[in-house]
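Subject: Structure for you to look over

Hello,

Here is the structure I promised to pass on. My notes follow below it.

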Amino acid sequence: MSRINLDQQSILVSFVIPTHNRAELLRRCLDSVISQTYKNLEIIVVNDNSTDNTDKVLESYKRKDDRIVTINNKGTGGNAARNTGIFAAKGEYIALMDDDDTCMPNRVEKQLGAVVNSNFKYDFIISGYEMRKPDGTLVKTVDYLKPMQSIGLTIRWFVKTSLLKKVKGFDIEQPSLQEVELFWRLKEASKIYFDPSIVVTIRGAEISITKDSDKMKKGIERLLDLHGSKMSKKEYNNWIRSLCGQAAKKKDWKLFFSELKRLKFSSLKLLDLLLIFSGILHSFNIYKIYRRILDQSYKNKKIRDYKLL
């Protein structure tokens with residue numbers, strides 16, 4: 001892939017960064033954004049009713065860099081804040097970012113480069129990422145796709161602004177898995193390209209997901225109601241398996257067998273059934289071991305073409 005001519009940066013790119021009470025982490029995020037090799041940027045930070053010194057941090061950065069635009073939100077949550085930034089964006093493309101993560105210096109150059117080098121065929125770029133512990137130790141590098149149709153983790157997304165506005169951004173009525181729900185709406189209206197370049201660093205040992213099991217259950221149920229008919233049998237069954245696992249943890253066996261009936265058995269393998277029924281046997285470690293093996297198999301296969309999923 002050829003390098004974008006940095007002397008001809010005619011395309012404005014908007015970063016959208018929601019933040020809430022993470023002033024010190026926000027500094028690190030902003031440092032990585034303003035240091036991009038591609039300079040034609042609008043950096044929108046949506047302050048979601050922070051009560052720490054976020055305002056002072058933002059003012060100090062605005063004095064240093066006039067590309068930074070700040071918007072105050074009413075504390076209605078991260079995805080509502082993202083929507084505020086999306087609809088305020090003036091750039092042709094949006095790079096989504098979280099306040100506790102960082103970009104590689106060439107993130108925009110790589111992602112916009114994928115668009116330019118496709119002769120603007122692609123309008124939704126998804127890239128690789130790395131995970132590090134808080135002390136900087138590398139946990140893993142993900143420069144491949146899992147064999148699933150939906151792809152979350154929005155901080156590695158680079159999307160045409162008009163496309164995000166067309167689908168009306170994040171659905172704030174979605175209880176959880178908002179990025180997956182948005183992905184399905186974007187998928188229907190976009191041309192997706194996966195670029196294995198590592199463009200962002202996530203700090204922490206795991207990607208943050210909701211710990212509220214009821215909220216997660218409602219999120220999966222709504223996701224399946226809205227998009228289940230578009231999913232492959234394998235992906236649909238993965239979500240049902242999650243619901244079965246939650247029911248088993250609560251020892252709600254009536255719910256467990258109710259969810260079990262929704263499985264599309266024609267695409268199930270013996271191991272899938274073993275994992276589902278490991279909940280009854282209280283053998284959740286089986287699932288953890290399986291996940292490690294599965295993650296290694298994804299890494300070995302190195303799927304890098306979204307059309308193959």
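Strand S6, residues 124–132, is mostly covered: eight of its nine residues are buried. Buried means under 20% relative accessible area, exposed means over 50%, and partly exposed lies in between (1.4 Å probe, protein chains only). Strands (E, at least two residues) and helices (H or I, at least four) are DSSP runs, numbered from the N terminus. This is a predicted model, in which local features need pLDDT of at least 70 and side-chain atom pairs count only at pLDDT 80 or more, while totals for chains, interfaces and linings use all residues. Residues are numbered from 1 along each chain as its sequence is written, and side-chain values use heavy atoms, with hydrogens and water left out.

S6 has several partners. Two strands pair if DSSP finds at least two bridges between them. S6 pairs with S9 (residues 192–203) in the parallel sense, over nine bridges. There, Met131 has Ile202 as its bridge partner. With S8 (residues 157–160), S6 pairs antiparallel over three bridges. Ile126 faces Trp157 in that strand. S7 (residues 138–142) is also antiparallel to S6, joined by four bridges. Here Arg132 stands opposite Leu138. The S6–S7 hairpin has five residues between its strands, and Gly136 takes a positive phi near 95 degrees.

Now the whole chain. It has 11 helices and nine strands. Of its 309 residues, 50% count as buried. Contact means heavy atoms within 4.5 Å. Among contacts between residues at least 6 apart in sequence, 79% join residues at least 24 apart.

Next, the charged pairs. A salt bridge is a side-chain nitrogen of Lys or Arg within 4 Å of a carboxyl oxygen of Asp or Glu. The whole structure holds 14 of these salt bridges. One of them joins Asp100 and Arg22, with the closest N and O atoms 3.3 Å apart. Asp100 lies in the loop between S4 and S5, and Arg22 in the loop between S1 and H1, so the pair ties together parts that are 78 residues apart in sequence. Asp100 is buried at 17% relative accessibility, while Arg22 is partly exposed at 35%.

Glu259 and Arg262 also meet in a salt bridge, at 2.9 Å from N to O. Glu259 is buried at 3%. Arg262 is partly exposed at 26%. Salt bridges with shared partners link Lys217, Glu221, Glu259 and Arg262 into one network.

Glu221 is also one of the buried residues of helix H7. H7 covers residues 213–227. What covers its buried residues includes helices H6, H8 and H9.

The side chain of Glu42 does make a polar contact with that of Ser14, at 2.5 Å. A polar contact is a pair of N or O atoms within 3.5 Å; within protein, one must be able to donate a hydrogen and the other to accept it, and residues adjacent in sequence count only if both atoms are side-chain atoms.

Last, Ser50, in the loop between S2 and H2. Ser50 is buried at 14% relative accessible area. Its side chain has a polar contact of 2.7 Å with that of Asn47.

Best wishes

Note on methods. The expected span of a helix is 1.5 Å times one less than its number of residues.
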